[in-house]
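Here are some notes for a first look at this entry.

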Amino acid sequence: MAFKIIVCAKQVPDTNVIKINPKTGTLIRDGVPSILNHDDANALEEALKIKDQYPDTHITVITMGPPQANDLLMECIAMGADEGILVSDRAVGGSDTWATSNTLEAAVRKVGDFDLIFAGRQAIDGDTAQVGPQLAEKLGLPQVTYVQEFEIAENMKDITVKRALEDGYEIIKIKTPCMLTAIKELNTPRYMTIAGIYGEKNMKTWNAKDIEVDLNKVGLEASPTNVFRSFTPAPKGKGVILEGDTEKDVAKQLLIGLKGKHVI
Amino acid sequence: MAIKIIKEKCKGCTLCIKACPFDALKMVDKVAVVDEGKCTNCNACVPKCNFGAIEAAPEAEEVDLSAYKHVWVFAEQRHGKIMNVALELIGEGRRLAKEISDDTEVCAVLIGAEEDIAPLAQECIAYGADKVYKIADPLLKNYTTDGYTKVLEDAIKEYKPEIVLYGATHIGRDFAPRIAARCNTGLTADCTRLDVRVSSYIEFAKKNTTLDTSTLDPNDTSTGIKQTRPAFGGNLMATIVCPRTRPQMSTVRPGVMQKREKDENAKGEIVDVKTNISKDDIHIEIVDIVKSAKELVSLTDADIICSGGRGLGDPSGFELIKKFADKVGGVVGSSRAAVDAGWIDHSHQVGQTGTTVKPKIYFACGISGAIQHLAGMQTSDIIVAINKDADAPIFEVADYGIVGDLYKVIPEIIAEWDNAEALYDASTK
């Protein structure tokens, strides 16, 4: 029986190129490219490595977002995933992590059989790292987050992972079915292949009705957390530029300044 | 529960069937019938009925918010050593508790093996906890998602805390979302500021942000927690509330909140919580826990950080940075660019996706100052930027900027470092 993997991925704005409009203090999102979230690319890559070794492995990528998130599915399929599913519905818009995990739970249940769910640790737009564990909880799956090394035994049941800690790592054994979240140390994602780019794409779009999700548990209204206010951080007052004839002069000025502020 | 059809009023028009997103309605003898298994109480059909024949499903039971009291801190420990962030959160939790009311307590929750956590209870009290809940079991010796989630969920259900705070560590961020999903409550990730009183939120916002506070009422007496966190790589700050469910929960970034002064004579109550956990509850096996053999970087605790970026030009530049750090008693940090280039290990990375730091002095050497880097260091007490490019954004946040070649400037700082006092004295004469 083929090994079935679900990869959860998200299309995100590239936060490295986001700029702030200094007058209005709002994000300028125009012209900001949408990309496959980095950690999610690592999640997909690890799934693809399993498929490299066991070619009958089936990889389904699930994403939630507006219709343009189809671009992400195309990219994932061009990298080697077998199929892509976009869950898109106004009813699920504005969801917080709790409500998002309810939507993904319903989508995963509709997909049905799976052995393993791989997700990125966190998305760079929200940086919450919450949806993976919350989805695992809803599905009643054991989880390991911050996975930096992965190995599956030939029985396709026993998994050994290295989980990153701040000051080291843990070696953990876990059995399928389970949920793992990837960090960038796990691997280097491959490029899309030409054949993949031009090949046929097995893609579906599901709405809230398709996944039979309880509408009382998704969307902005159902989310337990709400945004109270949002704003831009205040810029710090401008400091001084030290100038002098020689580097030694400048270094001396700096040390006098630091000493004067009692920080050294 | 499901919606109800009032048979006497139903005319058999089938409008409700078309309105139902879940195929939960059908016609039997020209009267609509609900399949209770399929109905999700979405009430979409209710307004569609022109005859008032559909009774809406009852609203989900409201959570009685007043039943929840006190501020809990997950006092994370590893191998019998309490995490610094737990002590910071006890300090912060105490501040929040007193903002709620005089009789609101801050309680530390210790989870682990008895021999590891018993000695830590008094430490939590010394740092400000009014009460310590001790959840001890040999099965809880090491952190497992399953084991910890089970026992904390049980404790939350029994004692009903109003707020639960966790350190945003690799364990806290694995654990808290699981609890939030199980308790069906909200969770805000990686907070850098917490407020209960609207007045203290206004004070914070005025001092540190561009937020227009005129729409906020300083006399507002509501005590819901306002959780502020960076988003979009630190480009935007968002304040999140959790108005309808309890407990309100946050993970909080290490190094941001203030520990209280340790008071060895502080008194507090220690409560042993009964556990009901068995081996079958835990679905993973920890084979080994390894402290990294690589150079221990404790960026969060460092008083001085010397960070290098792409401006170093090549990986050997970190040799100079290391020499600099050794001289000034600091720790080596780096920008993401230098890590991505493979010049230095990720554990040195400062920034939104690395470590957030606030040392007394942050030396940014050859770092341009991408927003994601600034997000992780701009609250440092003093920032010194050394960069060839006078237009680099790092100079916007620097207290002292030096436009120049770091390979010439840094050796001079090293050479003069020990003379700082004499130089200062001479300058004041």
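1. The model is predicted. The angle here is about 50°, and the axes are 10 Å apart. The crossing of helix 5 of chain B and helix 6 of chain B is right-handed.

2. From helix 5 of chain B, the residues in this contact are T145(B), Y148(B), T149(B), L152(B), E153(B) and I156(B). They meet D174(B), F175(B), R178(B), I179(B), R182(B) and C183(B) of helix 6 of chain B. Sorted by class, the contact has 6 nonpolar, 2 polar and 4 charged residues.

3. Helix 5 of chain B covers residues 145–159. Its 15 residues should span 21 Å at 1.5 Å a residue, and the end C-alpha atoms are 21 Å apart, which agrees. Just after this helix, K160(B) has a positive phi of about 50°.

4. Buried residues of helix 5 of chain B include G147(B), K150(B), V151(B) and A155(B). T145(B), Y148(B), T149(B), L152(B) and I156(B) are buried too. The buried residues of the helix pack against elements of chain B, including helix 6 and strand 16 (269–273), and also against strand 9 (143–152) of chain A.

5. The contact between the chains takes 83 residues from chain B and 77 residues from chain A. On the chain B side, the largest share, 8 residues, comes from strand 17 (residues 284–291) of chain B. That side divides into 41 nonpolar, 23 polar and 19 charged residues.

How values were computed:
Residues numbered from 1 in each chain as written. Chains lettered and ligands numbered in written order. Predicted model: local features only at pLDDT ≥ 70, side-chain atom pairs only at ≥ 80, totals over all residues. Axes fitted to C-alpha atoms, helices over the stretch in contact; angles between N-to-C directions. Helix = DSSP H or I, 4+ residues; strand = E, 2+ residues; numbered from the N terminus. Left-handed = near helix turned anticlockwise from the far one by under 90°. Contact = placed C-beta atoms within 7 Å. Nonpolar A, V, L, I, M, F, W, Y, C, P; charged D, E, K, R; others polar. Expected span 1.5 Å × (residues − 1). Buried ≥ 20, exposed ≤ 12 C-beta atoms within 10 Å, placed from the backbone.
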